[in-house]
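Here is a friendly walk through a model, meant to be read with the structure open beside you. Please have your viewer ready.

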Amino acid sequence: MPEITYREALRQAMRYQLRNDERVFLMGEDIGAYGGSYAVTKGFMDEFGERRVKDTPIAESVVVGAGIGAAMAGLRPMVELMTINFSLLAIDQIVNNASKLHYMSNGQIRVPLVIRMAGGAGSQLGAQHSHSLEGWYAHVPGLKVVVPATPYDAKGLLTTAFEDENPVIFIEHTALYASKGEVPEEIYRLPFGRAEVMRPGADLTLIGYSGSVHQARRAAQQLAAQDIDAEVLNLRTLRPLDVDGIIASVRKTHRAIVIEDDWKFGGFGGEIVALIQELAFDDLDAPVLRCSGADVPMPYAGALEQAALPQEAGIVALALRLCEGEAA
Amino acid sequence: MGQHGKTGTLTRHDGGAGMTGDELVALLHTMMEIRRFEEKAAEMYARGKIHGFLHLYIGQEAVATGAIAALRPDDYIVSHYREHGHALARGVDPKRVMAELFGKETGVTGGRGGSMHLFDVSKSFLGGYAIVAGHMPLACGLGLAEQYKGSDRIAVNFLGDGAVNEGEFHEALNLAAVWKLPVLFICENNFYGMGTAVQRVSALVEVYKRAEAYGMHAEQADGMDVLAMYEATARLAKRVRAGEGPAFLEAICYRFRGHSMADPEFYRTKGEVDRWRTLDPIASLKRRLLADGVLTEERVADMQAEVDDIAREAAEFAEQSPPPPTESLTRDVYVDAPSAEEGSRA
Ligand SMILES: Cc1ncc(C[n+]2csc(CCOP(=O)(O)OP(=O)(O)O)c2C)c(N)n1
Ligand SMILES: [Mg+2]
């Protein structure tokens, strides 16, 4: 299997859709002439023309709203919002329209719309450009929320997103675009709501998504050196959430830590903790913990930003605490 | 404005917006200081001292310099993320601006904000903002407060051409107009929002006409000419200060560098950039002051040496400053609210 980047994996999924489905078109700020702020759509305007690849004004609300309208009329638009930070200007359209038109119309209307955006922190972009708000979207019934961690995830999940009949919030991680991994050349689909066991283990479960999966994996390697066998779960989608997969893993390991870049208070990790205690309380040998971002607006300075984000060392420390209990 | 020496020519200067030779030289000095500062910042970025996004003001120096010189020092300035020039023109300490770009404790926000979020409340410089058009409602609020207090202080809002298609642009203009708020909007139309040319995304390319549609006084000015910027801003600020409601100034200008340091500039030709470079605001004013005998080549060389020193010293100061302490991470999330980690702060 060829090794390609996360960016290239996304490009392959989009190119496949553009070639094979005339109803698919892309629009967003600077996706055409500029080539996309993360170069995901580079060259697409030349390849597919301005009818299929549209540069939009800087006007997130109307761009998403128009995407919803076009989807209502039978097309399958993909809107790129550049970053999750700017999705805040479109949140009215996403929450008040996209998420509930199917329901409000008693099933008459469908909104098969993919809204792509880059999220996450770690690049010293400051407080207004470093949000991890996937939990906000996952809170909303009617939306699907996809958070690929690897190039393999990116291609398979984006293909599924394009073919879904519902609005899909597809959140890429800014720090992952250049990361590499094995990806089949042919097109394939990864189901929503099915987590991947990235590393099987017996002693505790590290639950991550998007960027935090990689921290979990590295922490698991460090733990292995200390004879702790951690299972790493890559959620892939937050809504639908693979509740069965999470519970099955916890039933096996009896301990869990959720790792997320998001703020801890009211964050998505809290939802996972709640589900585990509701469904697997008797299987737990220790409280389920969270390793989350600090509850502060993201600072610019490098060391401060790192201090505000979950780190492998922090995950390892929490894991040791959970597993020490067993030894005692 | 940066310090500058006497030129010996103190007479009123023809075509110099009613300014003395010294005042004209001061404008040149500020523009040169901004240019040199930005070049130094680019160099420091390349050396890995500055991270994240860095948007340079090179090419647009005349806009901030001319406009801000025409304001009162206590008039509020609210700017976007390409704001180093506005901060320096307002007199924010270049050392502390550079230290901010380095993410150091001595920076204007202690390393919290970085390039896109400079703040210096002591200079009525109320920030650089990174959400396009998101700062415009704030300028309305600052104006509202001054109107409410009965003061004659005004708020000046710098924005880019890319902001004009956001809802917040329209909401801000309408509110300012209907409440006659003392806000002067200055739109720096440099013909591109990132890599997208204005005419590809704006149905009406003359930005000032949009403001007119909201019933406010609006004009266009040559943003490559510092004196034109000074003259227009002085006139518009006077109206706004007199309680005649908001005004809008569209400054026609051009950025010589990429949108940010990461921009490969596929969307414009080198020929286009070169044509605009012939209108370099610094070179133009220099030529003019030399021709008029306001400046000598010798004095120009001295000024260049002065601004070189300012930029170099700023970089040295930034380099030598300590990073912010990790304990400061949770400070200031709330006013005077002690966090669990740090306990109570006096
Ligand atoms: C709401 C929002 N959408 C998108 C962006 C990404 N972005 C940053 S700068 C920029 C272009 C803005 O252009 P303009 O207003 O003309 O200012 P200039 O960079 O030319 O000074 C864009 C699209 C953003 N920061 N905020
Ligand atoms: Mg612009």
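## A salt bridge in chain A

Asp21(A) counts as buried, at 14% relative accessibility. Buried means under 20% relative accessible area, exposed means over 50%, and partly exposed is in between, using a 1.4 Å probe and protein chains only. Asp21(A) forms a salt bridge with Arg23(A), and their closest N and O atoms are 2.9 Å apart. A salt bridge here is a side-chain nitrogen of Lys or Arg within 4 Å of a carboxyl oxygen of Asp or Glu.

A word on how to read these values: this is a predicted model, where local features need pLDDT of at least 70 and side-chain atom pairs count only at pLDDT 80 or more, while totals for chains, interfaces and linings use all residues; side-chain values use heavy atoms, leaving out hydrogens and water. Residues are numbered from 1 along each chain as its sequence is written, with chains lettered from A and ligands numbered from 1 in the order in which they are written.

## Salt bridges elsewhere

Over all chains, the whole structure holds 41 salt bridges. In chain B, one of them pairs Arg153(B) with Glu146(B), the closest N and O atoms being 4.0 Å apart. Both Arg153(B) and Glu146(B) are buried.

Another joins the side chains of Arg235(B) and Glu231(B), at 2.7 Å from N to O. These two residues are separated by about one helical turn, because they sit 4 residues apart in helix H9 (residues 226–241) of chain B. Helices are DSSP runs of H or I with at least four residues, numbered from the N terminus. Arg235(B) is partly exposed at 37% relative accessibility, and Glu231(B) is partly exposed at 36%. There is also a network in chain A: salt bridges that share partners join Arg15(A), Arg19(A) and Glu47(A).

## Ligand 1, between two chains

Ligand 1 lies between chains A and B. Surrounding it are 23 residues, and the closest are Glu60(A), Tyr81(B), Arg82(B), Ala130(B) and Gly162(B). A residue belongs to this set if one of its heavy atoms lies within 4 Å of the ligand. By class, the shell has 11 nonpolar, 7 polar and 5 charged residues. Nonpolar covers Ala, Val, Leu, Ile, Met, Phe, Trp, Tyr, Cys and Pro; charged covers Asp, Glu, Lys and Arg; the others, Gly among them, are polar.

From chain B, Arg82(B) places a polar side-chain atom 2.8 Å from a ligand oxygen, and a side-chain N or O atom of His259(B) is 3.5 Å from an oxygen atom of ligand 1. On its own, ligand 1 has 590 Å² of accessible area, and the protein covers 97% of that. Accessible areas come from the Shrake-Rupley method with a 1.4 Å probe.

Asn190(B) and Tyr192(B) are both buried.

Notes. Polar contact = N/O pair within 3.5 Å; in protein donor to acceptor, adjacent residues only side chain to side chain.
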